[in-house]
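Let's take a friendly walk through this protein model. Have the sequence and the 3D view open as you read.

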Amino acid sequence: MRLVVHEFLSLDGVMQGPGGPTEDTSGGFTRGGWIVPFAAAPEWGAAVTGWFAQADAILLGRTTYEMMYPYWSAVTDPDNSVATALNGLPKYVVSSTLGTADWAGSTILSGDAVEAVTRLKAAPGEELQLHGSWRLARTLHNAGLVDEYRLLVFPVVVGEGKRLFGERGPATGLEVRDARILDGGTTSLQLGPAPFGQGGLEVVEGREVLVDR
């Protein structure tokens, strides 16, 4: 399976607590709910629905699992395709502390996260989808296991909070596989890993020239 990471991001890269003030208050975070002003724009909701339509299995960190389980397991509307996917697909929870996983179809992956996800990727299927799960997303990015990023970037600066990419992570190039501006100004990005490149400008015979390094 391909590992595809899905995230809501602010313009300054924050992914913490997008859906509500109490969604994730760890670290004293008080700015949750920053996507709510964009909720009336239907195109980004349709984009998320399209994400889940491609999933074969769901991968979550413990905190995201514990946040999503009580909400989505209570959504039984058969017309809600996101709930149908989350409740019906296999779910894998990476945790060294979780004792049980009561959400139907859930399996706890203990031990080394990189090894566990590497084994999952070798299983049959098309897409293993990671949603939220800040720490796990960073770990898998740093290990080079992510095959694609699907990001919704909202036109808001949160100013603090957990960010998808850390300040001291590996340098990574990205190829743009799809990019669209949705209603309300949200940007939908589909990105794949690519070599990291560097270069600069030099003056050669009086002309500026781009030089790759």
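**A buried serine**

A residue is called buried when its relative accessible area is under 20%. Keep in mind that this is a predicted model.

So where does Ser188 fall? Its relative accessibility is 6%, so Ser188 counts as buried. You'll find Ser188 in strand E8, which covers residues 187-194. If you skip its neighbours within four places in sequence, Ser188 touches Leu151, Leu152, Asp178, Ala179, Arg180 and Leu182.

**One side of helix H5**

Now look at helix H5, residues 134-142, where Leu136, Ala137, Leu140 and His141 are the buried ones. These residues span an arc of only 135 degrees around the axis, so they sit on the same side of H5.

What do the buried residues of H5 pack against? Their partners are strands E1 (2-10), E2 (57-61), E3 (91-94), E5 (127-131) and E6 (148-154), plus helix H4 (113-121). After H5 comes Gly144, which has a positive phi, near 75 degrees.

**Two helices side by side**

Next, find helix H1 (residues 42-53) and helix H3 (residues 81-88): their axes come within 9 Å and cross at roughly 30 degrees. Angles under 35 degrees count as roughly parallel, so that is the word for H1 and H3. The crossing of H1 past H3 is left-handed.

Which residues make the contact? H1 brings Val48, Thr49 and Phe52, while H3 brings Ser81, Val82, Ala85 and Leu86. Sorted by class, this H1 and H3 contact has five nonpolar residues, two polar ones and no charged ones.

Terms used: Residues numbered from 1 in each chain as written. Predicted model: local features only at pLDDT ≥ 70, side-chain atom pairs only at ≥ 80, totals over all residues. Heavy atoms only, no water. Axes fitted to C-alpha atoms, helices over the stretch in contact; angles between N-to-C directions. Helix = DSSP H or I, 4+ residues; strand = E, 2+ residues; numbered from the N terminus. Parallel < 35°, antiparallel > 145°, perpendicular 65-115°, else oblique. Left-handed = near helix turned anticlockwise from the far one by under 90°. Contact = heavy atoms within 4.5 Å. Nonpolar A, V, L, I, M, F, W, Y, C, P; charged D, E, K, R; others polar. Buried < 20%, exposed > 50% of the residue type's maximum accessible area, 1.4 Å probe, protein only. Arc of directions from axis to C-beta.
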